[in-house]
Each structure stands twice: as C-alpha cells, then as structure tokens.
Amino acid sequence: MKIHQFDTIILGAGGAGLMAALYASRSVKVAVISKLYPTRSHTGAALGGIGAALGNEEEDHWEWHAFDTVKGGDYLTDQDAAEILAREAIEAVIELEHMGLPFDRTKEGKISQRRFGGHTNNTTGKPVRRACHAADRTGHMILQTLYQQCIKNNVTFYDEYHVVDLIMNGDQPVGAVAVCLLDGSLHLFHAKAVVFATGGWGKCWEVTSNAHSMTGDGAAITFRNGIPLEDMEFFQFHPTGLYPTGFLITEGVRGEGGVLINGRGERFMEKYAPKVKDLASRDVISRAIAIELREGRGIKGKRYLHLDLTPDTVRRYKAEAGETADHYTAHYIESKLAETCDQGRTYAGVDPLTEPLPIQPTAHYAMGGIPTNVNAEVIANSESRVIPGLYAAGECACVSVHGANRLGTNSLVDLIVFGRRAGLRAAEYARGAAFIALPSDAGRKIESELNRIRTATGSTKPYLLRKKMQSTMQDLVGVFRNGKDMQQALETMRELRREFATNIGIDDRGSTFNTDVLETWELGCLLELAEVTAYAALNRTESRGGHAREDYEKRDDENWLKHTMVYREGDESLRVDYKPVTITQYQPKERVY
Amino acid sequence: MEATIRIRRFNPDKDKKPYWATYTLKDCEPTNRLLELLHRVKWEIDGTLTLRRSCAQGICGSDAMRINGRNRLACKVLLQEFGEKATIQVEPILGLPVVKDLVVDMEPFFAHYRAIMPYLVNETPPPIGEDGKPRERLQTIEARERFDDTTKCILCAACTTSCPSFWANGAYVGPAAIVQAHRFVFDDRDQHLQERLDVLADPDGVWRCRTIYNCTPACPRGIEVTRAIGEVKKAIQTGKRDY
C-alpha cells in the first residue's frame with residue numbers, strides 16, 4: 001500500500017469539502033480525496049437558492065432566518081448552531097459573489113433573492129425573499145465556483161480515489177484508506193486532521209432525488225469505527241420530486257408563484273397551511289401530498305399531483321393575493337427556472353410553460369449524521385466529548401442545524417458556513433499537532449473486506465439486495481410511519497445485511513476501474529445506514545418534523561425534545577442514548593404555517 | 001418493450017483489443033433512460049461492464065458517451081426516441097484514451113480546463129455596506145446576461161470529444177475549455193481579460209477551431225458552443241470584451 005502524508009485530508013469534494021479545502025490550504029498541506037471528479041459532486045444538483053438575510057429585495061434580518069430554521073426543524077435544531085448559520089450565511093454569500101459566483105441580479109445590480117418554503121417575515125408571518133440564486137442552478141454554480149477557486153489556489157486533489165476506511169490509532173484518527181479507481185491500488189493517507197464531507201444516503205430509498213453516488217460512505221465508515229450517528233430517524237422527503245423518476249423540482253418554482261393542485265383541481269395547500277400555503281416547510285407539504293394521494297385525490301387516480309407554474313395559473317393566484325405578476329411571462333420562467341423547464345421536457349414529456357408537472361414526494365436529505373459541535377468537531381458521545389483531529393461538515397454531518405426538518409436553501413448555507421469552520425478548525429489543529437504513527441495493520445481490515453467482495457461467488461447478486469432495501473425503506477420508513485412497519489423494516493435490513501455478509505456474488509475480479517466491487521461495498525454502507533434509520537425511527541415514539549408516526553401523532557416535548565445517538569455494539573446489535581437540545585432564545589411552541 | 005444494446009467493450013486486464021457485445025433487455029419502459037438500461041446490463045447480466053455515472057439527471061456530467069454516433073449523456077436519452085425493437089449503439093467518447101469499456105481518461109480534458117485560468121480575478125477591494133461589512137460587487141442584469149449561456153457548462157466533454165480538430169490534435173484546448181474561458185472573458189467583474197486572451201490566442205488555443213459546428217448539437221445543456229468560441233475570437237481580435 002502506498003503511503004501519502006498531508007497535514008489535513010478532506011474526504012469528499014462537494015460544497016463542504018471544497019470550502020474546507022480552500023480555508024485549510026491557506027495554512028497547512030491539504031489533499032482532497034474524492035470518488036468523483038469534484039464537479040460531479042451532488043452539490044451541483046441543488047437548484048433554487050442559498051438563504052441569507054441580505055435584505056436586497058425587502059426587509060429581512062438574520063435573526064428571522066435563525067428563528068425560521070429552528071421552527072422549520074420543529075425545535076430539534078440546536079439553536080446556537082442556527083444562529084451561527086443565519087449570521088454567517090450573509091458573509092458566506094457575499095464571499096461566494098466575490099469568488100465570482102454569477103448570482104442573478106436585481107435592477108440595482110445586487111444579488112437577486114426569491115421566496116422559499118418556511119422563510120418568513122417574522123412580523124407578518126408572510127414569505128420573505130431570502131433565497132439568493134443563479135437561475136435554478138445555484139448548486140451547480142456554487143460547486144463550479146469553489147472548484148475554480150481551488151484551482152486558483154493550487155489545492156491538491158486525488159480525483160477518483162474512493163475512500164473506504166478511516167485509520168485510527170487507538171482513539172485517535174490518523175488518516176484514511178482509499179482505492180484508486182484507475183488501477184485498484186490501495187492508498188494510505190496519513191494525516192493529523194481528517195475532515196469528512198462525504199454527503200448523504202438518499203439511495204437507501206427507491207424514489208429519491210439523490211445521485212447514484214449518494215451512498216453514505218463517510219457516515220458508515222465513522223460508525224464502523226465506533227463513532228455514533230445522531231438523529232438518523234430524520235430524513236427529508238422533498239414534496240416535489242418529478243413523477244415517476246423522483247428527480248428534484250426546485251422549491252424555487254413555488255417561490256416564484258407555482259402552486260400545487262390535486263386531482264379535483266384544488267389548490268389543496270390552502271387547507272393545510274392557510275397562511276403561507278405552498279410555501280410551508282417541506283415536511284408539512286410532503287405529508288399533505290401523501291394524505292391527498294391516500295384519500296384518492298391524485299391526478300386521474302394515480303400516485304401523483306400537479307405542480308402548476310404556467311403563466312395563466314400563477315397570474316390568477318397572484319392576482320387573488322393582490323400581487324402584481326406582469327413580470328411572470330414564459331420568458332421569465334425560461335430564464336429563472338431553466339433547469340426545471342429542461343427536466344420537465346426531457347423526463348416527463350411536459351412543457352412546464354403550458355402544462356403542469358407531475359410530482360410526488362422524493363427522498364431528499366439526511367438531517368441526521370455524524371455528530372459534531374458548531375466547530376465541525378466530531379463528538380464521541382452524548383456528553384459531546386470531542387474526538388481530536390476529526391471533523392465533519394455538510395450533509396454527512398449533524399451539527400444539528402436542521403433539527404427534525406431542514407428548510408430549503410439551508411443545505412447550501414450549511415456547506416459554506418460549516419465547511420469553512422471545518423477547514424479552519426482542522427488546519428488550526430494540524431498546525432499544533434504532530435503526526436501520530438499509523439498502526440502496523442493500517443488498511444488490512446478493509447483490504448480483506450474488498451478482497452472478499454472481489455472474489456465473492458455466492459448466489460445473490462447485489463442489485464437484488466439493493467432493490468429489496470430500497471422498496472422496503474420506501475414502503476415502511478417513508479413520509480408516514482408506524483411501529484409495526486418499522487419493526488418489519490428493521491428485521492428486513494438485518495436479514496439483508498446477513499445475506500450481504502455471507503452470500504453475495506459479483507462478476508468483476510479485475511483491478512482496473514472495478515466499479516462492481518466498489519458499488520457492492522457502497523451497498524454495504526447503505527444497508528448499515530438503513531438499519532440505523534429504521535432502528536432510530538422505531539425508537540422515537542412521537543411525531544416531529546420529518547418523522548411522522550401514525551401511532552404517535554403528536555410532538556412530545558416532555559419526553560422527546562432530545563437528539564438520538566445510536567452506537568454499534570459488536571457486529572450485530574445497536575444501542576441508543578440521548579443528547580440534549582441546545583435552546584437559546586426560542587422556546588418550543590406549536591408549529592403552524 | 002424490448003431493447004437491444006450494442007456496446008463497445010474493452011477490459012485492459014484481459015482484452016487485446018476492443019470488441020462489440022450485444023445485450024437484449026426485456027420489459028423495458030419507453031421512458032427508461034439509456035443509463036437505466038446500461039445499469040440493467042451491468043447489474044443483471046455482466047457486472048464487469050464499466051461506466052461512469054452519478055446524478056442520472058443531466059447535471060453532473062459523468063456519463064457522456066457516443067450513442068448511435070452522437071455524443072450525448074446516457075441519462076438524458078430516453079428509449080422511446082428509438083422506436084419499437086430498438087438497437088442502440090454505445091461507445092466511449094472519442095479522442096481520449098479508453099481506460100475500460102465506456103470509461104476514458106479524463107485527465108487531458110481537465111488539464112486543458114485548468115490551463116485557461118478558470119477563475120475570476122478581481123483585486124479591487126469590494127464595496128463596504130452601511131454596517132461596515134463587505135457587500136457584493138454590483139453587476140447589471142444585462143452584464144450578467146452576457147455570459148449566462150456559458151455558465152451552464154458541466155464539463156462533460158461531449159463537445160470537445162465531438163470536435164475533429166481535437167481528434168486531430170489533442171493539444172488543442174477544445175470547445176469546453178473555451179466555453180469556460182468565455183464565462184470569464186465576458187464577466188465584467190473580471191480584471192484579467194488580457195491575460196485570458198493571451199492564453200486563448202496560443203497556437204493550440206481558439207484558432208484551432210475551424211467552425212465545424214459539431215460541438216453545438218453535442219452539448220447536452222443547449223449551450224451555443226460555436227457561437228461562444230466565435231465571440232472569444234472576436235475579443236482576441238479587438239482586445240476588448242465589449243467589441
């Protein structure tokens with residue numbers, strides 16, 4: 001195994017990883033290790049905007065953004081983290097503009113902002129224009145801009161090196177193991193500080209907006225190395241996935257005035273969220289859609305509803321609300337929602353300028369993940385003991401800034417704000433630390449696991465396990481849940497994991513670009529995380545944010561205003577304990593939109 | 001419906017030269033993406049089939065391939081366009097060394113990208129707001145619109161590897177790198193216009209473009225690539241972005 005040495009290594013090259021790399025590389029020797037070319041990362045699929053209370057279009061304050069984030073998170077959000085997110089969002093967006101990000105502009109030449117779900121004027125309760133955007137490809141532009149800056153600053157990249165394990169020396173992280181895709185060789189990256197920025201695991205579900213590469217590698221790796229996972233029961237279903245693929249249709253569509261319509265032609269969100277209607281938080285709207293579908297009000301009796309952004313419809317509803325909508329023309333839609341138009345035409349055969357889009361809820365975003373504090377330092381237990389030299393940021397991390405349900409645009413804010421904090425803190429740590437020796441058996445365990453997969457001749461093809469996992473999670477751990485279903489899901493995941501460990505068979509025994517082995521290894525990560533998700537969801541006997549139980553319909557602050565921490569005990573069993581929620585100025589109250 | 005896929009295969013671990021292999025898939029839906037069909041081949045029939053893919057929805061740029069002779073993203077091609085009993089021919093994009101099956105070596109492509117200074121340079125201190133903190137640099141809606149088209153590029157290489165000038169001479173930076181350069185040449189916040197134009201005026205820069213026009217229809221993002229290259233040529237000739 002080839003050994004490389006860097007002060008700080010950053011695993012993953014999406015928004016959080018690249019931001020961490022930019023900041024860490026200013027003072028220490030850094031390498032970014034990514035299974036994809038950086039511009040392929042899933043940050044690029046984020047569409048509608050990045051929230052920051054710039055106040056360019058109307059009155060806004062970061063305190064309002066912080067409150068909206070806490071309320072959106074159904075009060076499970078750690079409020080110190082939400083305050084940091086909202087405050088630093090402003091300088092983060094300005095910094096992105098200085099880096100060259102081509103934001104859309106107002107007439108005055110400032111960064112243009114649009115409405116998004118759950119972002120409100122805290123005085124009136126009405127939606128506020130807070131989402132800074134570059135058409136509806138904001139994530140694409142963030143990813144491109146950060147990668148451009150990394151090139152400008154000569155950051156070292158190991159592209160298409162797939163990280164498969166963390167190296168620990170006792171309790172101390174000392175590096176990571178990666179497979180070079182090109183020739184299959186194993187590499188040990190010896191480091192003082194390790195930053196996980198490896199993204200989410202939407203591929204646990206069948207209908208998802210997530211890329212094939214969103215397999216939760218980092219969260220599974222840290223979990224296997226004795227680090228807990230926090231709040232795994234909270235996984236967001238985005239209300240508007242395209243039907244039938246599940247691809248994301250941005251909330252920006254509704255921010256611009258688009259409306260949800262059921263099979264009877266009703267704008268049904270008026271019923272569920274009278275004040276903000278189609279701009280309620282995502283969990284609220286996904287549940288409303290699930291109810292409409294369950295009660296037979298899908299379009300033509302099918303499993304989808306309509307998202308209507310045609311000029312006639314939008315102008316009609318805007319006029320009803322007393323707003324002018326002269327600007328809302330076909331040309332305007334085509335420029336502000338270009339990706340949406342392309343998606344509709346390519347994948348649904350629908351031109352959104354003249355017809356409504358068919359939509360359904362789609363598995364979208366992990367609120368939970370690797371537990372960290374507000375400095376992106378990974379913590380080892382419910383007492384928040386910091387693991388020196390280990391950091392996590394972005395979707396793989398749980399700060400927890402999103403609580404039980406993330407607001408739209410806050411994922412991009414999270415990447416920039418906490419990616420930067422991770423980079424700064426990791427570099428600071430590396431500057432003051434010495435290299436700790438790699439253990440003599442570094443990389444051996446994962447080498448033998450990869451060899452097991454490469455030579456596996458069992459009777460079950462991995463895709464069958466993946467299909468079973470995805471359909472089970474879809475049916476039993478979805479928008480609505482109950483104890484019986486989740487118990488069954490948990491048992492299924494355990495069976496699938498046993499099958500994975502004992503009876504898989506693959507075809508590719510070679511060394512060059514062996515995606516058969518690595519896809520199978522990724523499946524192992526997904527199975528692990530699906531099991532933890534089902535376990536944590538079954539354990540939480542209340543409904544909160546994205547976790548809606550039919551058998552416990554109410555939020556229960558007395559017993560459940562706390563974070564779940566799940567630990568692996570031995571190979572088979574799981575254990576849970578709890579971490580308190582940090583409350584600063586927003587006392588929990590009932591959540592109404 | 002049924003689909004037949006003919007794939008150019010090559011595994012350097014065992015094959016002396018590339019060959020064609022044909023796979024037939026039953027129970028396909030007209031709305032299946034070609035990427036889904038390739039996955040079915042890999043997952044159900046032959047796990048050694050190797051390709052790059054990630055988002056599967058046309059935004060990450062991983063799965064550019066030569067599909068019935070045209071460069072496209074496998075995730076943006078639906079089976080229905082080929083009609084009943086379709087045969088679809090799939091091969092790696094041309095002009096870059098084949099690593100395995102549909103995977104090519106992307107390093108030369110990204111080296112060209114890095115060479116054109118793909119980053120904004122502005123050394124003037126940014127404006128300061130009423131609260132004493134930095135604010136955004138102002139840009140008019142029209143100035144932003146000037147380079148909107150080229151900001152859509154996802155670096156999939158479909159344009160560059162459809163270009164006969166690039167096939168003939170791999171030292172040519174290629175359409176994608178020029179598209180990326182265009183995005184900065186025409187951004188009025190940038191202050192390194194002359195340095196950019198000097199790089200692009202190199203013998204292996206824009207003048208290798210013979211306006212063959214293959215690149216524009218190859219772009220899965222609908223970017224008017226040939227037009228962007230023409231505008232960069234004009235900027236070089238005039239030394240200005242507002243020629």
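Helices and strands here are DSSP runs, helices being H or I with at least four residues and strands E with at least two, numbered from the N terminus. Strands count as paired if DSSP finds at least two bridges between them.

Before I go on, the ground rules. This is a predicted model, with local features needing pLDDT of at least 70 and side-chain atom pairs counting only at pLDDT 80 or more, while totals for chains, interfaces and linings use all residues. Residues are numbered from 1 along each chain as its sequence is written, and chains are lettered from A and ligands numbered from 1 in the order in which they are written.

Back to strand 13 of chain A. Its Asp308(A) is the bridge partner of Val259(A). Strand 13 also pairs with strand 14 (residues 357-366) of chain A, antiparallel again, over three bridges, and there Leu307(A) sits opposite Leu357(A). Which way do the side chains of strand 13 of chain A point? Leu305(A) and Leu307(A) go one way, His306(A) and Asp308(A) the other, and all are buried. Buried means 20 or more other C-beta atoms within 10 Å of the residue's own, exposed means 12 or fewer, partly exposed is in between, and the C-betas are placed from the backbone.

Now zoom out. Chain A has 17 helices and 22 strands, and 63% of its 593 residues count as buried. A compact globule of 593 residues would have a radius of gyration near 25 Å, and chain A has 23 Å, which agrees; that's over C-alpha atoms, with the rule being 2.2 Å times the number of residues to the power 0.38.

On to domains, whose bounds come from an automatic or database assignment. Chain A has four listed: domain 1 (2-45 + 146-235 + 364-431), domain 2 (50-116 + 130-139), domain 3 (239-361) and domain 4 (444-553 + 568-580). The centres of domain 2 and domain 3 of chain A are 23 Å apart. Their contact takes nine residues from domain 2 and 13 residues from domain 3, where contact means C-beta atoms, placed from the backbone, within 7 Å. On the domain 2 side, strand 4 (residues 113-120) of chain A gives the most, with three residues.

In strand 5 of chain A, Cys132(A) is the bridge partner of Ile50(A).

What about chain B? 43 residues of chain A are in contact with 43 residues of chain B. Helix 4 of chain A gives the largest share of chain A's side, six residues. By class, that side has 15 nonpolar, 16 polar and 12 charged residues. Nonpolar is Ala, Val, Leu, Ile, Met, Phe, Trp, Tyr, Cys and Pro, charged is Asp, Glu, Lys and Arg, and the others, Gly among them, are polar.

The peptide bond from Tyr243(A) to Pro244(A) is cis, with omega near 5°. Another cis bond joins Val399(A) and Ser400(A), omega about 5°. Ala376(A) isn't glycine, yet its phi is positive, near 70°, and with 29 C-beta neighbours inside 10 Å it counts as buried.

How values were computed:
Two residues are in contact if their C-beta atoms, placed from the backbone, lie within 7 Å.
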